[in-house]
Amino acid sequence: MPNFDNTWKTHPHMTQLLETEIYKRRKRTKGMSQHVLANKIGVSRNAIYLMESHKHIPRIETILEIMVALGFHEEERKALMEKYTEAYYKDKAFQQDREKERAGV
């Protein structure tokens with residue numbers, strides 16, 4: 001997982017999507033603590049904490065595993081992956097624009 005001081009600064013679109021579509025769903029799912037989710041997908045509870053506190057952007061494989069663990073139906077997973085792809089490219093353009101600004105272009 002990439003490590004950032006705060007993913008809102010570097011990946012605002014992906015962070016917003018993960019927050020609204022995955023992290024909030026975990027919190028609304030009865031009995032789905034960070035510890036339970038971590039055990040279901042084979043990561044540490046700290047890894048879930050770091051994702052939910054916006055210190056890490058999870059790998060795509062981890063996102064898919066989380067969606068399955070949270071009971072996302074196939075159509076929900078497909079729809080979220082489309083949104084995730086769109087957010088990825090928005091953040092890539094955002095980062096390129098920031099680099100241009102820093103370079104004075």
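**Ground rules.** I number residues from 1 along each chain as its sequence is written, and side-chain values use heavy atoms, with hydrogens and water left out. Since the model is predicted, local features need pLDDT of at least 70 and side-chain atom pairs count only at pLDDT 80 or more, while totals for chains, interfaces and linings use all residues.

**Entry 1: His-54.** I started in the loop between helix H4 (45-52) and helix H5 (60-69), where His-54 sits. Helices here are DSSP runs of H or I with at least four residues, numbered from the N terminus. His-54 isn't a glycine, yet I found a positive phi of about 65° for it. Is His-54 buried or exposed? It counts as buried, because its relative accessibility is 10% (buried means under 20% relative accessible area, exposed over 50%, partly exposed in between, with a 1.4 Å probe and protein chains only).

**Entry 2: H4.** I listed the buried residues of H4: Ala-47, Ile-48, Leu-50, Met-51 and Glu-52. They pack against helix H2 (12-28), helix H3 (34-41) and H5.

**Entry 3: H3 against H4.** Two packed helices are described by the angle between their axes and the distance between the axes, so I looked up both. The axes of H3 and H4 come within 8 Å and cross at roughly 115° (axes are lines fitted to C-alpha atoms, for helices over the stretch in contact, with angles from 0 to 180 degrees between N-to-C directions). That makes H3 roughly perpendicular to H4, a label for angles of 65 to 115 degrees. Which residues meet here? From H3 I noted Gln-34, His-35, Leu-37, Ala-38 and Ile-41, and from H4 Arg-45, Ile-48, Tyr-49 and Glu-52. Contact means heavy atoms within 4.5 Å. By class, I got five nonpolar, two polar and two charged residues where H3 touches H4 (Ala, Val, Leu, Ile, Met, Phe, Trp, Tyr, Cys and Pro count as nonpolar, Asp, Glu, Lys and Arg as charged, the others as polar).

**Entry 4: Arg-25.** Next I checked Arg-25, which lies in helix H2. It is buried, with a relative accessible area of 17%. Leaving aside neighbours within four places in sequence, I found Arg-25 in contact with Leu-70, Gly-71, Phe-72 and Glu-76.

**Entry 5: Lys-9.** Last, I went to helix H1 (residues 7-10), where Lys-9 is found. Lys-9 counts as exposed at 53% relative accessibility. Lys-9 and His-54 are 45 residues apart in sequence, but 9.7 Å apart in space, C-alpha to C-alpha.

How values were computed. Helix = DSSP H or I, 4+ residues; strand = E, 2+ residues; numbered from the N terminus. Parallel < 35°, antiparallel > 145°, perpendicular 65-115°, else oblique.
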